Amino acid sequence: MTDGTTETPGRPIPEPPDAHQEAVDHPAGADQTPSGAPNQRDHEDQPPEPPGRHRVQPNRRPSRLLQDYGVYAALILLVLYNLVFTENFASVTNLNTQLVQVTPTLIAALGMALVIGTEGVDLSVGSVMALAAALLPLYLGYGLAPALLIALLGGALCGLFSGTLVAVAGIQPIVATLALLVGGRGLALVFADGQLKDIRNQTLLQIGSDKIVGIPIVVVIAAVLTLAVGFLVRYTTFGRQLVAVGGNRSASALAGLPVKRVLMTTYVISGILAALAGIVATARLTASDPSAIGQLAELAAITAVVVGGTPLSGGRVRVLGTVAGALLMQLISATLIKNNLPTSASLLVQAAIIVVAVFLQRSRQGGTA
Amino acid sequence: MTDTAMTRREWLAGTVQRRGSVVVLALVVVISSFAFDSFATVDNARNIAMQASFVSIVALGMTFVILSGGIDLSVGSVYALGGVLAALGVQQGSLIGLLLPIAVCGGIGLLNGVLVAYGRLAPFIVTLATLLGARGLLLAITNEGANTRVMPKTAVLTQIGQGTLLGVGYPVWIAIVLFVIGVFVLQRTRFGHSVLAIGGSAEAAKLMGLPVARRTMWLYTASGLLAGLAGALAAAYSASGVTIVGVGLELDAIAAVVIGGTLLTGGAGTVGGTAAGVLLLCVIQNVINQIGTLSSYYQSVVSGAFLAIVVAIQAYLSRAHLGRSRG
């Protein structure tokens with residue numbers, strides 16, 4: 001764990017001088033702050049070392065680099081592998097298919113990343129997706145806009161419910177959102193009477209299937225949402241407060257931050273994003289199926305966030321990492337399917353990747369603690 | 001918390017926390033008995049008990065894991081895997097049919113335990129990975145879920161699943177015995193006390209010299225083992241290794257444990273409360289079926305609402321508790 005390990009021959013560390021500043025998703029930089037660096041130097045530089053070695057910054061250790069950029073590296077490797085070995089991988093049709101398939105998970109994962117950034121977790125996203133899907137056909141008779149509004153409002157209310165339980169009642173996020181996971185899908189099935197309903201609204205169907213300059217509309221929606229969430233985290237007061245609350249709640253409260261309001265807003269945003277994911281899934285499916293839509297979506301979203309390098313311990317939100325995590329998991333199952341490997345193999349590989357991702361997080365936490 | 005500091009209000013708060021689920025269960029049962037003729041019958045009670053037995057065995061392991069401050073999301077998949085392995089193994093004899101799921105599922109639990117205790121990884125994420133992994137393993141040995149093996153009617157294991165003693169099915173007896181052992185282990189053994197200590201504060205437990213990592217490892221092993229056993233019994237009951245069972249079972253188990261008054265933060269809770277929690281969820285489901293006109297979808301709505309109310313009350317009570325002991 002000494003500083004010197006960063007210079008072992010086997011692992012040369014590329015070190016662009018301003019990579020530190022350019023790392024996209026470290027807004028308040030809970031553990032990348034300048035104050036973190038001197039601490040580590042105290043620990044690690046005690047034995048005097050040759051002067052040349054000091055040029056390597058302490059927090060650019062291999063494990064740290066792997067955690068921050070490992071998901072991108074894995075994604076690039078997998079894309080390269082597919083470019084070489086998979087037929088028709090580089091076709092526009094295939095790329096669009098992959099991107100479209102991942103959108104609901106990705107949109108839900110964006111909200112999940114925010115919630116995990118507050119040291120919480122939102123197990124209810126799958127049920128909220130189902131609820132939004134169930135609400136849509138009920139109000140499509142009044143037009144698309146009211147139906148969308150109602151569905152989003154439903155998602156927001158779900159978020160408000162979880163947020164209130166977490167922020168005001170002080171209930172652990174896992175249980176608070178578990179209640180909604182159990183109840184939400186039941187409610188969705190009650191609204192839809194357990195029925196699958198075909199969507200006949202042309203505009204909604206077009207959103208699900210049409211393209212703008214060759215890019216599917218749903219992918220554009222996901223991209224816009226990614227940018228919006230990224231902006232929210234990096235450049236807004238709310239984003240800074242969110243990361244601060246996730247990093248240390250009691251310190252944030254003592255510093256006078258509106259902790260409760262921040263937490264509730266975060267869960268509301270997660271609920272709205274989950275509802276959007278449900279709407280997109282419905283538009284793709286051309287039917288509202290509350291018993292199938294969003295099934296296990298919470299696990300897929302959590303996986304994307306964790307693989308993307310956002311620590312479960314909060315205080316850090318990696319938006320681009322989450323996107324890469326979602327894409328990586330999607331591409332893995334696609335690759336395995338293309339190579340005629342069964343679902344079972346896909347599940348086992350996913351399990352292994354989660355463990356590796358979380359192991360890398362651990363070494364970071366162990367190093368800085 | 002000394003005895004002198006025990007005010008009446010704190011005693012009340014503690015009692016509601018610990019015994020609340022039993023009281024609510026009794027109330028629901030009494031009201032339902034008057035409301036529905038078909039509720040308070042021997043057959044119906046037998047049904048509920050049988051339904052509850054499989055979930056309760058899973059929830060027992062979950063109770064210990066949650067008491068230690070952890071969580072085990074993998075039990076649903078492990079339960080399904082246990083059933084499939086039992087149906088697979090029973091073709092070679094009942095003993096293998098019972099030992100195979102216990103060994104493999106215990107192994108998965110051990111893997112969870114090693115990763116959590118020695119790898120110091122977050123339980124939530126480790127068991128999420130094994131949730132996927134166990135389901136993958138299940139699909140791999142059943143030709144991607146296409147094969148459902150039927151267990152021979154004459155096998156001893158099938159008899160255990162379907163047979164009765166004094167009018168009550170063997171799985172119910174097994175669950176009762178396991179819960180008695182669970183109560184004993186938690187309240188009367190060093191192991192049980194160290195679990196509570198670890199849940200209260202793993203750091204303090206370690207400083208006291210408790211083998212925190214080893215205990216934690218065995219807890220997850222036991223949870224996986226019990227989930228596998230429950231799956232094997234359920235498979236024996238239905239005489240087949242169904243591949244699609246167990247999805248969401250971990251959530252039922254967690255809900256039952258929490259409703260039973262065990263704090264998710266660990267360190268406080270009872271095994272008996274979990275039994276009441278499981279029964280309560282099963283009774284609610286049964287009552288909604290009794291009403292008949294209500295669609296069964298309301299069952300999860302009621303369970304979810306119930307869970308939210310219980311945890312809200314828990315949070316309120318424990319805060320009242322804390323505020324007192326600090327002041």
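Predicted model: local features only at pLDDT ≥ 70, side-chain atom pairs only at ≥ 80, totals over all residues.
Let's start with the contacts inside chain A.

Staying with chain A, how many helices and strands does its secondary structure have? The count is 15 helices and 4 strands. The chain has 369 residues, and 49% of them count as buried.

Now a word on confidence. For the model as a whole, the scores are ipTM 0.78 and pTM 0.80. Chain A has a mean pLDDT of 79, with 80% of its residues reaching 70 or more. One stretch of chain A to watch is residues 1-58, where the pLDDT is below 50. That stretch still has 58 contacts in the model beyond near neighbours in sequence. Chain B has a mean pLDDT of 82, and 91% of its residues reach 70 or more. Chain B also has a stretch with pLDDT below 50, residues 323-327, and this one has 4 contacts in the model beyond near neighbours in sequence.

Let's look at a pair of helices in chain A. A pair like this is described by the angle between the two axes and the distance between them. Helix H5 of chain A, residues 125-139, packs with helix H12 of chain A, residues 259-285, at an angle of about 55°, and their axes are 7 Å apart. H5(A) and H12(A) are therefore oblique to each other, and their crossing is right-handed.

Which residues make that contact? From H5(A) we have Val125(A), Val128(A), Met129(A), Ala130(A), Ala132(A), Ala133(A) and Leu136(A). H12(A) brings Ser270(A), Gly271(A), Ala274(A), Ala275(A), Ala277(A), Gly278(A), Ile279(A), Ala281(A) and Thr282(A). Sorted by class, the contact of H5(A) with H12(A) holds 12 nonpolar and 4 polar residues, and no charged ones.

Before we leave chain A, please find Val213(A). Phi of this residue is near 35°, a positive value in a residue other than glycine. Where is Val213(A) placed? You'll find Val213(A) in the loop between strand S2 (211-212) and strand S3 (215-216) of chain A. Is Val213(A) buried or exposed? With 5 other C-beta atoms within 10 Å, Val213(A) is exposed.

Over to chain B, and another helix pair. Helix H4 of chain B, residues 94-117, packs against H5(B) at an angle of about 150°, with the axes 10 Å apart. That angle makes H4(B) roughly antiparallel to H5(B). H4(B) passes H5(B) in a right-handed crossing.

On the H4(B) side, the residues are Ile108(B), Leu111(B), Asn112(B), Leu115(B) and Val116(B). They meet Pro123(B), Val126(B), Thr127(B), Thr130(B) and Ala134(B) in H5(B). By class, the contact of H4(B) with H5(B) has 7 nonpolar and 3 polar residues, with no charged ones.

If you follow the loop between H4 and H5 of chain B, you come to Arg120(B). Arg120(B) has a positive phi of about 50°, although it is not a glycine. Arg120(B) is partly exposed, with 13 other C-beta atoms within 10 Å.

One more residue in chain B: Ser21(B), which lies in helix H1, residues 8-35. Ser21(B) is buried, with 27 other C-beta atoms within 10 Å. How far apart in space are Ser21(B) and Gly273(B)? They are 6.4 Å apart, C-alpha to C-alpha, while 252 residues separate them in sequence. Leaving aside neighbours within four places in sequence, Ser21(B) is in contact with Gly273(B) and others, including Ile259(B), Gly260(B), Gly261(B) and Leu280(B).

The contact takes 39 residues from chain B and 37 residues from chain A. On the side of chain B that touches chain A, the elements that give two or more residues are helix H5 (123-141), helix H11 (249-259) and helix H13 (298-326) of chain B. Which element gives the largest share of that side? H13(B) does, with 13 residues. By class, the residues on that side of chain B divide into 25 nonpolar, 10 polar and 4 charged.

How values were computed:
Residues numbered from 1 in each chain as written. Chains lettered and ligands numbered in written order. Contact = placed C-beta atoms within 7 Å. Nonpolar A, V, L, I, M, F, W, Y, C, P; charged D, E, K, R; others polar. Axes fitted to C-alpha atoms, helices over the stretch in contact; angles between N-to-C directions. Parallel < 35°, antiparallel > 145°, perpendicular 65-115°, else oblique. Left-handed = near helix turned anticlockwise from the far one by under 90°. Buried ≥ 20, exposed ≤ 12 C-beta atoms within 10 Å, placed from the backbone. pLDDT = per-residue confidence, 0-100.
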